[in-house]
Each structure stands twice: as structure tokens, then as C-alpha cells.
Amino acid sequence: MSGKKRGGYVGASCVCPHCGGDARFVAHRGKGFVSLLGQVELVRSYYHCRACGAGHLPWERTLGLSAHRLTPAASEVVSMLGVQTSFAEVSERTLRKACGLRLSESTVERTTESAGQRLAKLLEQRIKFGESEPWEWERDALGRSCAYVSVDATGVRQQGENGAAAEGRMAYVAMIYNPRGAARTLERRKASAPHQVRYLAGFYEMDALGIEARGQAAQVGWDEAEQQLALSDGGAGLEDFFRKNFPRATVILDFWHAKEHLVELGKALYGEESAEGQQWLDERCHQLKAEGGAAVRASLEAIDVSTRSEQVREHHRRETNYFRNHEHKMSYPSYLANGWQIGSGPVESACKTVVNNRLAGSGMRWGSPGSNAVCHLRALFLSQRNQWESFWKDYPN
């Protein structure tokens, strides 16, 4: 072959992206790609590096084409649909209705999971998407700007190779958020940013989750908030997680989880559906909100269970210890006076929205790498809107 064609010609060379050596032009090679407008045939110049033995297609790299033969725009649309509904639904209905493309279920799955795996690697490398832009944090009753962080976990059903049974895994969900509901007036609600939340989700080790959560928080001006607040259900290791990664944050135990412990103790002391037990529970819940955890712990310690059964005594001991161990996170009177949130409802809702709504459908079982990838990608999709756009703009493949 002689003469110039599509940028490559006999004797031409370029720098090898793999080793930096001299890659020589070999030939023009054709390949079909799927774009949002349908099938596209592209002729590319193929170069080969003798130093490392690798081949190189500069035009393909420039265009951001993927190994799945999809253009960047097609990959984004397929992935965006793939994190919202089943791969089969995307293949058989949604994608065809949205843009007329016909792709197999396996192509939709590979494309979506590949994007999620790419995202996970970038997050591990502490790559940030978009520019840092401090949020206008909501203010509490004392006029202080307040930033919130919360973490929870939810189960994802798994399957082994060839459909073999496998134990489920726990996906962590972390969120940095600016609770719009705290806005005092309708005017402030209208003026506030439309979607101020950053999610992370996946099969994380806690240290890795902490690093990535701190990065997300820093990008939205966490350190500029005058008051930092961490809400959780008191799960094992969560308080240590907050102390290590968000040391300035006031850690608050979800009020409703604390209440559940009183509910269970009331049943043990007074039996099911007892009027006396309901009155006792109402009094303790009012005390918890009006006086705090230390007062409730003292009330529990004052209960004489010496003549009760061993089972009741054990239940009383366990719940009293629970309040003793967590009362420093139960200063609800001051939290409420400050106008702070006392419930972990946002992160519990996030577990459903980010993970369960997509990965916990009826009969669904996942391989570990694929479900982890979808968790990451769906968290990005549901986060502050510029995150998804920045990821696909700067890292299309």
C-alpha cells in the first residue's frame, strides 16, 4: 500500500502509548461501531511497536471508542439505562424506544458493568469529577451552616459461577448531603440547589470508603461548614468510621433506632399489647426526646428486675447497656434545639434508592464484580447531576 489514507501511510510512525517507543504504520483496518444513529463503518490506521510488540490505533483512541464497539455517546446512553432497569428490559424495549438501537442483553450488561468498573478504579485513584464547588449549606437555629454525612449497609443477593449458590454481600452506601428540608422558607427552598447529595456505593472496605467519602466531602466544601453532623443507626464500626474520617463531626444516633430498643424492652417487661407497657413506652420516648439518653439510662437502671425471670433480667441488662454505651450520641434535646436532624432516614432511603431498587428485584442474583460495578455507577448517576456528565466527558473509556 502506498500513499496517504486516513492519516496513515507507508513509512509513517507515531509514539507507542504503551512503552513510548517508535510505532510504525502497518495497514488500514476497518471496523464497525454502533453509534446513536446506528451502525458506522470506520477505517483506522494500525501501528505496531517492535519494542513492546503492542498494536495501536490512534484514531480509535482519539474518538474514545470502546472495546464493545460502541461510540462514547452510545456507551453512556446504554449505561444510563442499564443502571435504571434490568439489562433485558433495556435490550428488548427501553433502548429501542429511546433511540432505535438494537443491542443484545449481554452487550448492555457488559457495557454497563465495564463503565462501573472503570468508575471504581478512578475513585480508588482519588480522581474527582468536575470542579470543586462549595455548597451553600443549610443553617441551623443558631445560624450556623451545617453539613451532613451518613453511612449504612444493605444486602445484595449473589450467585457463584454457573449459577451456583453463594452468600449475599453487604454493600455500603455513604452520602454527603445538604438537607433541603431544613430550609426555613419557600423562597429559600426555591433558591437552593436542586440536588445536593453525593453518593458512594459498593462492596467497600471501611478505610477505602472513608478515603473516597472525604474526597467527595472536600469537593463540596465540607470543611467550610461551621457545624458537621454524622448520622447513623449505631451499627458496628460506624462511630469509629466517623471519628477517623470526619473528626469534627458531632455523631448522632438515629432516634428511631434508640426507640426500637425501648419498644423491645417494654415488651419484655410488660408483655405484648399491654396498656401499662404502652404508657411506659410513651413516657420513656418523651423522656428520650426531652431529656436525652443519660436520663433514660438512669430510668432503666432504676427498674427492679430482681424477681423477674432470667430472660427478662437479661433483656433488661442488654438494653440498659445499650443506652449506657450510646448515651453520648443521644443528646436529642440540644440537637432539636439547634434544628439538627435526628433521624438516619436519608441514608436508609438511599440504600433502597441507590442499591435495592436496581439490584434487589424479584429473583435477581448477581456476580460480585458486576453488582459492585452497578452499585458504583448507580451511585454516580443519582448523585449531584454534574458528576455523571463530568465522568463521561473526561473518562469516556
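Predicted model: local features only at pLDDT ≥ 70, side-chain atom pairs only at ≥ 80, totals over all residues.

1. I start with Glu301, which has a relative accessibility of 38% and so counts as partly exposed. Its side chain meets that of Arg324 in a salt bridge, with 2.8 Å from N to O. The two residues come from distant parts of the chain: Glu301 belongs to helix α10 (residues 293-301) and Arg324 to helix α11, 23 residues apart. Arg324 is also partly exposed, at 38% relative accessibility.

2. Glu314 and Arg318 both sit in helix α11, four residues apart, which is about one turn of the helix. They form a salt bridge whose closest N and O atoms are 3.8 Å apart. Glu314 is partly exposed with a relative accessible area of 32%, and Arg318 is partly exposed at 41%. Beyond this pair, salt bridges that share partners tie Arg297, Glu301, Arg324 and Glu327 into one network.

3. The structure holds 14 salt bridges in total, and one of them joins Glu239 to Lys329, with the closest N and O atoms 3.1 Å apart. This pair links distant parts of the chain, 90 residues apart: Glu239 is in helix α7 (residues 238-245), while Lys329 is in the loop between α11 (310-326) and α12 (332-338). Glu239, at 21%, is partly exposed.

4. The five-stranded sheet. In which order do the strands of the open sheet run? The order is β7-β6-β5-β8-β9, and the pairing is mixed. β7 (197-202) and β9 (250-253) stand at the edges with a single partner strand each, so one side of each has no neighbour in the sheet. On average, neighbouring strands of this sheet are turned by 20° against each other, with direction ignored. Helix α14 (residues 368-382) packs on the sheet and touches β5, β6 and β7. The direction of α14 makes about 180° with that of β7.

5. Strand β5 and its neighbours. In general, strands of a sheet pair through backbone hydrogen bonds, either parallel or antiparallel. With strand β8 (residues 227-232), β5 pairs in the parallel sense over five bridges. With strand β6 (residues 169-177), β5 pairs in the antiparallel sense over nine bridges. Elsewhere, Gly155 stands opposite Met170 in β6. Why can β5 be called largely enclosed by the rest of the structure? Nine of the 11 residues of β5 (residues 146-156) are buried, so the strand is largely enclosed by the rest of the structure.

6. Cavities. How many cavities of 30 Å³ or more does a search of the whole structure find? The search finds two. The largest cavity holds about 90 Å³ of space. Its lining has 13 residues, and those closest to its centre are Leu123, Tyr199, Leu200, Gln216 and Leu380. At least two lining residues come from each of α4 (105-124), β7 and α14.

7. A buried histidine. His56 is found in strand β4 (residues 55-56). With a relative accessibility of 9%, His56 counts as buried. Which residues does His56 touch, leaving out those up to four places away in sequence? The contacts are Cys14, Val15, Pro17, Ser45, Tyr46, Tyr47 and Arg61. For a sense of scale, the C-alpha atoms of His56 and Asp207 are separated by 38 Å, and the two residues are 151 residues apart along the chain.

Technical notes:
Residues numbered from 1 in each chain as written. Heavy atoms only, no water. Buried < 20%, exposed > 50% of the residue type's maximum accessible area, 1.4 Å probe, protein only. Pairing = 2+ DSSP bridges. Contact = heavy atoms within 4.5 Å. Salt bridge = Lys/Arg side-chain N within 4 Å of Asp/Glu carboxyl O. Axes fitted to C-alpha atoms, helices over the stretch in contact; angles between N-to-C directions. 1 Å grid on protein atoms, 1.4 Å probe; cavity = no way out; pocket = protein on both sides within 12 Å on 5 of 7 lines; lining within 4 Å. Points joined across faces, edges and corners; volume = space filled by probe spheres on them.
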